[in-house]
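Here is a short briefing on cores and pockets. Keep the model in view as you read.

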Amino acid sequence: MIKTKDLAFSYQGKVNFNFPDIQIENGETLLITGGSGKGKTTLLHLLGGLLRPKNGMILIDETSISTLSDKKLDQFRGKNIGLVLQQSHFVEAFSVLENISMASWLATGKKSEEKAKSLLKQLDLEDQMHKLTSQLSIGQQQRVSIARALINEPKLLLADEPTSSLDDENAFKVADLLSNLSKEYKASLIIVTHDQRLKDRFSNQISL
């Protein structure tokens, strides 16, 4: 379960954001929309523990992440939060399989290679696993990001503009994949986007 209350953030005291309260259960999906500069990515980074709030509370599975030390927050994020960011930040010298396996090693100290292979097969990327990520299409890279985000079976899956650079067919495929996989892994899914194509795909949504 994910819950926020009175969440606020400020960039050097000049740009202030006050966000609506959020509450979703395991396996539920929330779409957060809004125009440029409304704080969508800021909110996602707060929920992922990449930014610290100025005020307010963020509870993930009964843990208040804003009160954790940096070290404990890193550990909690690795085990409980899956991030699909606009920039994938792959290790260019690593293969697709190695990039996904590394995410499990960073979180647990063990490389879950078989789990990574299973996810790649599920995402129709089995024949791409030994390629470099730079050899993939944008749509394929997006699916690799999803596999990497799911490798540790997170309680919360966060996706930042996951379809903005995709054509209609691939945008809907990625949206459906995220939704179906979050249900399968019983992870709460939050998507932030300005992509109007997704509005009809998700009934639970808020606009900033």
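What volume does the second largest pocket have? The second largest pocket has about 210 Å³.

This is a predicted model: local features need pLDDT of at least 70, side-chain atom pairs count only at pLDDT 80 or more, and totals for chains, interfaces and linings use all residues. Residues are numbered from 1 along each chain as its sequence is written, and side-chain values use heavy atoms, with hydrogens and water left out.

**Pockets**
- A pocket is an open set of points on a 1 Å grid over the protein atoms alone, where a 1.4 Å probe fits, with protein on both sides within 12 Å along at least five of seven lines; lining residues have an atom within 4 Å of a point.
- A volume is the space filled by probe spheres set on the points, which are joined across faces, edges and corners.
- In the second largest pocket, 14 residues form the lining, and Gln 86, Ser 88, Ile 138, Gln 141 and Gln 142 are the closest to its centre.
- The largest pocket holds about 570 Å³.
- Its lining has 24 residues, with Gly 78, Ile 81, Leu 83, Ala 103 and Leu 106 the closest to the centre.

**Cores**
- A nonpolar core is a set of buried Ala, Val, Leu, Ile, Met, Phe, Trp, Tyr and Cys residues joined through side-chain atoms within 4.5 Å; buried means under 20% relative accessible area (1.4 Å probe, protein chains only).
- The largest nonpolar core has 33 residues, and Ile 100, Ile 146, Leu 178 and Ile 191 touch the most other members.
- Apart from it lies another core of 25 residues, including Leu 44 and Phe 76.
- Contact means heavy atoms within 4.5 Å; beyond its neighbours within four places in sequence, Ile 100 is in contact with residues including Ala 116, Leu 120 and Val 144.

Technical notes
Buried means under 20% relative accessible area, exposed over 50%, partly exposed in between (1.4 Å probe, protein chains only).
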